[in-house]
Amino acid sequence: MRICFFLPIFPPIYGGGAIQAIKLAKELRKKGIDIFFVALTNESSKKGTGIFEGFEVFYIYIKNLTTYIEGHTPKFDKFSLIIKIFATFIRFRKRYSVIHIQGMSYPFTLLSLLAKLLRKKTIVKVTMLQETNFRNCGRIFGMISKYSAIRLNKIVTISSMIQERLINDGFDKSKIIFIPNGVDIQKFTPLPPDQKEVLKTQMGIVEKTVITYVGGIIYRKGVDQLISIWATIAERFPETYLILVGPRSEEEGVAGENFCYKEIQKDINKHGMGNIIHFTGRVNNVTKYLQISDLFVFPSTMEGMPNAILETMACGVPAVAYHVSGTDDIITNGENGRIIEIGDKLAFQKAVIELLQDKKTRKYYSLQARKGIVEKFSLDYVSDQYIKIYNSLTENRFVY
């Protein structure tokens, strides 16, 4: 059994969906599943075949990839792109039995129609709730997208919110399977209190309560909202230290929205918070930042299932997050973290303040956070669920 992963967004352009797909592919490879990638690229030097972390990658060149990701591509260009994608999958039709599509958006769902002609099977992973709004690409293209999406063999939803939306929209329940994103619970693990303090000191943070955010410094992630409430929090808790981990602009490889770092920096300077807020920029390994954290904040307003929350809670750190797709699958409000309705900055601020005041509750949330991730979201468990799907779609049963 050989699986072809199709990813619209692929390194060096990063998104949560792409990162999660690569992690899953690595775990499946450990279990003997043969995988290669087909990916879009805007780098002309990458036309053809390449190798990424041991995986074979077939690149499809698209000059205006960033524009495409932002949803501003002209209709003719979309038509041209689907021809290129179809040609690639026809060319390599003897090399795969299942097409695993990352993201249920037009024109990628059209692969379901090609797959039927080629007698292949298709599975799509819906990475964002907004992908279920087919009319976003126009009335006619929306109808075509939904028509082709209905003909996919299996649809994986990474949150109960996405699953419910599809069922309400008339999709066949038997095709829809809820499988959350997974996290490496061996890599993302809590540190004992003494080791945590040592690591803090090594990182130059002494006698501070560390609050962390992980993600792109972009408007969709709500970082501007976070900074706007932080002056009040810092005034009440001067010993706090806010760390913002993630790329600051498209130039640093974060896709999907415009650069907002300069606006945030103005707010920080206005309130004199430069010495208590730290931007790391892109980091290759966020683990140490999560392991020294006392609280995690995630004001994002649009997600599928936030990898950052999975990783931070695997490290035993409670989270305060807006109620977006996936958060209520990970966080049980009042048990291992807090969920706030989108845009309610005062409620978000209040939740952070309450948890900073109450170390006992933070400790309880911490224990429950780790326990929940281990039980339901380990990468090992998630990869097993995908193997079951692949087996159900093919005649050859894979046992490892």
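A salt bridge is taken here as a side-chain nitrogen of Lys or Arg within 4 Å of a carboxyl oxygen of Asp or Glu. The model is predicted, so that local features need pLDDT of at least 70 and side-chain atom pairs count only at pLDDT 80 or more, whereas totals for chains, interfaces and linings use all residues. Residues are numbered from 1 along each chain as its sequence is written, and side-chain values use heavy atoms, with hydrogens and water left out.

The structure contains 15 salt bridges. One of them joins the side chains of lysine 23 and glutamate 311, at 2.5 Å from N to O. Because lysine 23 belongs to helix H1 (residues 16–30) and glutamate 311 to helix H11 (residues 307–314), this pair ties together parts that are 288 residues apart in sequence; helices (H or I, at least four residues) and strands (E, at least two) are DSSP runs, numbered from the N terminus. Lysine 23 is partly exposed, at a relative accessible area of 23%, while glutamate 311 is buried at 9%, where buried means under 20% relative accessible area, exposed over 50%, and partly exposed in between (1.4 Å probe, protein chains only).

A salt bridge of 3.4 Å, N to O, links the side chains of aspartate 169 and lysine 146. Aspartate 169 is in the loop between helix H6 (160–168) and strand S8 (176–178) and lysine 146 is in helix H5 (residues 139–150), so this pair ties together parts that are 23 residues apart in sequence. Aspartate 169 is partly exposed, with a relative accessible area of 29%, and lysine 146 is likewise partly exposed, at 24%.

Within helix H7 (residues 193–202), lysine 200 and glutamate 197 lie 3 residues apart, about one turn of the helix, and their side chains form a salt bridge of 3.9 Å, N to O. Lysine 200 is buried at 3% relative accessibility, whereas glutamate 197 is partly exposed at 41%.

Strand S6 (residues 121–126) pairs with S7 in the parallel sense over 4 bridges, pairing being assigned if DSSP finds at least two bridges between two strands, and isoleucine 123 stands opposite lysine 154 in S7. The chain passes from S6 through H5 to S7 in a right-handed β-α-β crossover, that is, with the strands pointing away from the viewer, the path from the first strand over the helix to the second runs clockwise. S7 and S8 run parallel and are joined by 3 bridges, with valine 156 opposite isoleucine 177 in S8, and S7, H6 and S8 form a right-handed β-α-β unit.
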